[in-house]
Amino acid sequence: MGPQNLPLRLAEVRARMAQAAAAAGRSAQSVTLLAVGKAQPLERLAAAAAAGVQDFGENYLEEARAKIAALQDRTLTWHFIGRLQSNKTRPIAEAFAWVHTLDRLKVAERLAAQRPFHAPPLNVCLQVNLAGEASKGGVAPQELPGLAAAVAALPRLRLRGLMCLPPPEQERARQRYWFAQLRMHLERLNGAGAALDTLSMGMSDDFEAAILEGATIVRLGTVLFGPRSVQ
Ligand SMILES: *Cc1c(COP(=O)(O)O)cnc(C)c1O
């Protein structure tokens, strides 16, 4: 797919998002489209930005830094959505507005210490490993309340909500099951006094199910940009 197709793809994706939001009795504005640029050429990201996409997600630090530098004339919002390594937190604390994949207090403490003082607080979501998958990051649900309380107490970070990468499911009902679990965890934390407003959930194959269950950020790569070129 060439960048010239981007405006049409984007319009289709936004229409599907709006339809799912309407089906859930929600406004289209209540869901943010996060364009996931990993292994996508820069010109596709530039085309998305030109078409009005504001939020961009990246998984790999080096790739992200090159893209952030190349697109710095636009005032885009960059989200880190990849695996966090505790020895590589400083550039993330410096270059991103959001981190979606926080799952350890040690990494949170480093991000808090390394967030530049002139920058606004770093928005963070805690990744929850809903299905106990060993191949994926994320805090175990039973450890979530403790981690959330500890992260919320750190300076320079603003705990915004929860993120998940559930097991791939074909059936809409199964997709919704996992997203409902994440929403339940968020509601429990808020019921215990937290003030979280973000559910980062849903990707190309399941974003409508996620919106039906309350997603406020959907992370979309291939449905928007086409197949990834490098992996
Ligand atoms: C790659 C990726 C996405 C986007 O996946 P698509 O299926 O291409 O939409 C979303 N979230 C995370 C964490 C990813 O790594």
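**Exercise 1. Find how many cavities of 30 Å³ or more the whole structure holds, and give the volume of the largest.**

Solution. The model is predicted. Start with the search of the whole structure: 1 cavity of 30 Å³ or more turns up. Next, take its size. The largest cavity has a volume of about 50 Å³.

**Exercise 2. Which residues line the largest cavity, and how do they divide into nonpolar, polar and charged?**

Solution. Walk along the chain. The lining includes Gln127, Val128, Asn129, Leu130 and Ala131. Glu133, Lys136 and Gly137 belong to the lining too. Then come Cys164, Leu165 and Pro166. Now sort them. The lining divides into 6 nonpolar, 3 polar and 2 charged residues.

**Exercise 3. Where does the ligand sit, and which residues are around it?**

Solution. First, the site: the ligand sits in the largest pocket. Second, the shell. Among the residues around the ligand are Val36, Lys38, Asn59, Ile81, Met163, Met203 and Ser204. Arg219, Leu220, Gly221, Thr222 and Arg228 are also around the ligand. Third, the sorting: this shell divides into 5 nonpolar, 4 polar and 3 charged residues.

**Exercise 4. For lysine 38, asparagine 59 and threonine 222, say which kind of atom lies by an oxygen atom of the ligand, and at what distance.**

Solution. Polar contacts are counted within 3.5 Å. Take lysine 38: a polar side-chain atom lies 2.7 Å from a ligand oxygen atom. Take asparagine 59: again a polar side-chain atom, 2.7 Å from an oxygen atom of the ligand. Take threonine 222: here a backbone N or O atom lies 2.9 Å from an oxygen atom of the ligand. Finally, check the cover. The ligand alone exposes 390 Å², and the protein buries 92% of that.

Methods:
Residues numbered from 1 in each chain as written. Predicted model: local features only at pLDDT ≥ 70, side-chain atom pairs only at ≥ 80, totals over all residues. Heavy atoms only, no water. Near = heavy atom within 4 Å. Polar contact = N/O pair within 3.5 Å; in protein donor to acceptor, adjacent residues only side chain to side chain. Areas by Shrake-Rupley, 256 points an atom, 1.4 Å probe, with all protein chains shown as cover. 1 Å grid on protein atoms, 1.4 Å probe; cavity = no way out; pocket = protein on both sides within 12 Å on 5 of 7 lines; lining within 4 Å. Sits in = over half its atoms within 2 Å of the grid points. Nonpolar A, V, L, I, M, F, W, Y, C, P; charged D, E, K, R; others polar. Points joined across faces, edges and corners; volume = space filled by probe spheres on them.
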